[in-house]
Amino acid sequence: MGAVRTLEELARIGRQRSVTGRSLSLRRDEITTDLLMDAVSADRVSFEHVSVDGALTIRSCHIEELVIDHVETDALLVANSRIGRLTVRNAPIGCDVTITDTSLVSLALHSCGATRLERLRVDELVQLNALRGPVRISSTRVSALAVKSQVTVGRLGRPRVEAHGLRASEDVTFDDLWLSSLVLRDVEAQELGLRRVRLDEPLQAAELRCSETVRINGLVVPAEDSVITDSTVRGPVEVRDLEAHGSGRADAPARLSLRNTTVLRLTTTSSTPSVISLHGSSVTGTLGLPAGRSRYSLDEGSSISDMELAGATFRNRRQIVSFLERSFTEVTATAMESVRSALVKRNRNREVDQLYYLTRQREAAHLPTLRRSIARGVLGGVLGWGVRARNPARMLTACVLLTAAGLHLAGPLRGAGQALTDPTAAGKSLVLALALWLNVGTGLPSELKTAEWTALAVTFTSAGMLFTTLIVGIVIRKLVR
């Protein structure tokens with residue numbers, strides 16, 4: 001059959017022999033060859049329960065409303081056309097639906113097989129319901145996109161959905177789906193939503209750009225990493241009820257990784273084990289406290305501007321570690337720094353110092369043996385990393401007492417007949433030890449005025465100046481803040 005270029009020619013193919021106005025409806029007709037509509041102009045054209053022995057092609061047409069319902073055809077192609085409202089329902093499973101290089105007001109596909117949408121411009125909603133085959137969307141601009149539900153596919157397997165170069169001025173939504181895979185690349189939308197979606201393969205998303213929100217609610221994925229990479233979300237990312245399937249371990253967590261991605265806010269909650277990982281990514285706003293059995297994982301290249309604390313207090317190491325273990329898969333320097341930054345923003349300086357001390361001690365634990373001993377024992381245990389006044393104060397007190405005991409046992413300050421238990425002699429030794437360590441400058445007794453005792457006194461005085469200066473500096477810093 002040659003190309004059909006007018007409604008009259010199209011009417012003569014079916015049982016309708018005349019055309020009223022600019023509308024035409026073919027019902028329960030049989031067309032024994034391919035059907036090509038070329039440059040047809042009409043208000044409304046509908047094909048209902050029509051059988052086409054070959055392909056149905058609509059090319060370079062201008063139609064205000066086009067309905068294709070229960071049409072038996074080998075392939076459906078709409079190309080280089082301007083269609084107001086296009087509706088395709090119940091296409092055969094073996095029929096490939098291709099719509100390309102076309103401008104539309106709205107598009108609705110219901111119960112179709114393999115579908116390909118390329119280089120479209122749709123002013124309103126694109127809706128795909130009851131998928132029965134793979135869907136590929138590329139280089140397309142829409143107002144909004146909704147992909148909802150699919151038919152039980154049996155031997156054909158679950159459908160695969162891919163979107164490449166998709167631009168949506170409003171929302172992109174995937175709802176109530178069980179797919180073999182979902183691949184999103186170079187997708188721009190106001191809001192992206194995945195609700196009640198189950199995937200046989202991990203989610204793959206790259207170069208997402210969302211101006212408002214990403215909502216993931218009820219996503220079921222394999223235990224391997226699902227990945228969102230090289231993406232930007234200027235609003236919150238909300239992950240709820242992320243769940244894993246297909247693992248031999250009942251407690252295997254579902255994993256969603258954000259790689260080289262920037263989000264404003266990130267929250268997660270799940271009744272089953274789940275892990276949201278950040279690799280080289282940043283949360284420019286607030287990292288929400290995970291709820292349920294959700295956890296975060298941060299690598300060294302990730303950064304968190306602020307974090308919810310939900311009224312948690314950190315009076316000691318145990319409380320700090322407990323909070324971190326509830327929020328993160330492991331207590332890392334990056335995780336501790338995230339909490340410390342949140343405390344800094346809230347001017348909780350005492351707890352900031354607690355986090356700093358614990359962070360430095362854990363970092364020192366990974367050093368070689370000698371450096372680890374010096375860092376943890378001297379810088380941490382003795383000097384308190386410059387934030388704990390009680391560590392150098394304890395050390396100074398211990399040094400004073402040990403010096404006093406040494407002086408008392410050596411006996412230069414005990415008079416004749418004074419025993420070791422004599423309190424007066426012990427008091428003199430303690431006063432001298434204090435004078436040495438605190439640099440009071442009372443001078444040494446004549447019995448101790450030797451070169452050796454003088455060198456020892458200089459050593460004590462120098463060490464005492466270090467401790468007192470450090471203690472005073474820490475205390476003043478706390479008072480000033």
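A disulfide is defined here as a pair of cysteine sulfur atoms within 2.5 Å. The structure is a predicted model, in which local features need pLDDT of at least 70 and side-chain atom pairs count only at pLDDT 80 or more, while totals for chains, interfaces and linings use all residues. Residues are numbered from 1 along each chain as its sequence is written, and side-chain values use heavy atoms, with hydrogens and water left out.

**View A. Cysteines Cys61 and Cys95.** Zero disulfides are found in a search of the whole structure. The cysteine sulfur closest to that of Cys61 belongs to Cys95 and lies 17 Å away, too far for a bond. For Cys95, the closest cysteine sulfur is that of Cys112, at 7.6 Å, which is also too far for a bond. Cys61 has 3% relative accessibility and therefore counts as buried (under 20% relative accessible area; exposed is over 50% and partly exposed in between, with a 1.4 Å probe and protein chains only). Cys95, at 1%, likewise counts as buried.

**View B. The largest nonpolar core.** A nonpolar core is a set of buried Ala, Val, Leu, Ile, Met, Phe, Trp, Tyr and Cys residues joined through side-chain atoms within 4.5 Å. The largest one has 105 residues, and Phe47, Phe174, Leu266 and Val339 have the most contacts inside it. Strand E19 (residues 181–199) supplies the largest share of this core, eight residues. Strands (E, at least two residues) and helices (H or I, at least four) are DSSP runs numbered from the N terminus. Beyond its neighbours within four places in sequence, Phe174 is in contact (heavy atoms within 4.5 Å) with residues including Val147, Val161, Leu182, Leu184 and Leu192.

**View C. Ser181 in strand E19.** Ser181 is found in strand E19 and, at 1% relative accessibility, counts as buried. Its side chain makes a polar contact of 2.7 Å with the side chain of Arg160. Such a contact is a pair of N or O atoms within 3.5 Å; within protein, one must be able to donate a hydrogen and the other to accept it, and residues adjacent in sequence count only if both atoms are side-chain atoms. Not counting residues up to four places away in sequence, Ser181 touches Pro159, Arg160, Val161, Leu199 and Glu201.

**View D. Helix H2 and its surroundings.** Within helix H2 (residues 317–327), the buried residues are Gln319, Ile320, Val321, Phe323, Leu324 and Ser327. Their cover includes strands E28 (291–298) and E29 (303–307) together with helices H3 (333–345) and H4 (349–364). At the start of H2, a side-chain oxygen of Asn316 comes to within 3.2 Å of the backbone nitrogen of Arg318. The axes of H2 and H4, which are lines fitted to C-alpha atoms over the stretch in contact, with angles from 0 to 180 degrees between N-to-C directions, come within 10 Å and cross at roughly 75°. H2 is therefore roughly perpendicular to H4, a class that spans 65 to 115 degrees. Arg317, Ile320 and Val321 of H2 meet Gln354, Leu355, Leu358 and Arg362 of H4.

**View E. The loop at Asp241.** Asp241 lies in the loop between strand E23 (232–240) and strand E24 (243–245). With 35% relative accessibility, Asp241 counts as partly exposed. Leaving out residues up to four places away in sequence, Asp241 touches Asn217, Gly218, Leu219, Thr269, Ser270 and Ser271.

Note on methods
Angles under 35 degrees count as roughly parallel, over 145 as roughly antiparallel, 65 to 115 as roughly perpendicular and the rest as oblique.
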